[in-house]
Amino acid sequence: MRTAYAACLAVLLAPPADGGAWLEVPGQGFAAASATFRQTASGAQHELSYYGAYGITPKLTLGVDLNQTGGQSGHALVFARLPLREGARYRLAAEAAFGGNHDRGLWMIMQKATLSYGRGFETARASGWLAIDAAYELRNSGLTAIWKLDATLGLNRPGKAAPMLQIETAKPEGGRFSYTLTPALRYPLPSGHELILGLEHRNAGDSSLGLKLGLWQKF
């Protein structure tokens with residue numbers, strides 16, 4: 001999932017802060033860390049995640065994707081993103097990731113392929129972006145396949161809190177469909193950082209509500 005700052009607001013394809021179809025500028029990068037605290041039917045749960053991407057060339061971005069849910073499950077991936085189309089109205093990119101996932105400490109091979117669509121928009125009152133990511137994951141050394149479709153809609157308000165909506169869906173082959181809705185606000189901080197505060201509703205059989213705190217940073 002880059003921040004579109006004031007200098008980019010007039011550009012139709014202003015890049016968001018979370019990757020997707022946008023590549024990092026060579027020699028520059030973006031990092032995002034988040035913590036989610038959730039109350040479920042079985043008790044309190046926390047989730048930690050880290051995403052980092054760095055531009056290698058104008059057509060290659062490399063990065064890492066880390067996630068840990070309590071002491072139960074998680075993954076660690078390295079990825080490469082390549083552009084497929086960089087047009088005047090929208091852009092497409094492909095991403096391949098490889099690493100591992102674990103269930104209660106038992107690690108197995110994980111692979112992921114993602115097709116990303118992104119576009120910026122500008123109206124008389126606001127500018128922003130839309131990002132859509134379709135992914136296919138092979139977890140547990142190929143034993144578990146999961147289809148995912150995620151979308152992010154964000155607005156830009158330089159120097160002010162800006163709204164953002166994230167929608168995540170997942171459907172394991174032979175498993176239950178699940179979704180997560182996260183309305184959030186992006187708060188600008190000094191030195192180009194942004195604080196993310198969101199309220200997360202997840203339905204994965206049982207419904208749960210969580211508080212999400214994040215920090216975005218360009219480097």
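This is a predicted model: local features need pLDDT of at least 70, side-chain atom pairs count only at pLDDT 80 or more; totals for chains, interfaces and linings use all residues.
Which residue in β11 is the bridge partner of Leu181?

Residues are numbered from 1 along each chain as its sequence is written, and side-chain values use heavy atoms, with hydrogens and water left out.

The fold first. Twelve strands close into a barrel, running β1-β2-β3-β4-β5-β6-β7-β8-β9-β10-β11-β12, and the pairing is antiparallel. Strands here are DSSP runs (E, at least two residues), numbered from the N terminus. Two strands pair if DSSP finds at least two bridges between them. On average, neighbouring strands of this sheet are turned by 20° against each other, direction ignored. The axes behind that angle are lines fitted to C-alpha atoms.

Take β9, residues 162-172, and β10, residues 178-188. They pair antiparallel over 9 bridges. Ile167 stands opposite Leu181 in β10. The two strands form a hairpin with 5 residues between them. In that turn, Gly174 has a positive phi of about 80°.

Next pair. β10 and β11 are antiparallel, over 8 bridges. Back to my opening: the partner of Leu181 in β11 is His201. So much for the bridge; now the turn.

Last pair. β11 covers residues 194-204 and β12 covers residues 206-218. They run antiparallel, joined by 11 bridges. Within this pair, Leu197 has Leu213 of β12 as its bridge partner.

Key:
Helices (H or I, at least four residues) and strands (E, at least two) are DSSP runs, numbered from the N terminus. Axes are lines fitted to C-alpha atoms, for helices over the stretch in contact, and angles run from 0 to 180 degrees between N-to-C directions.
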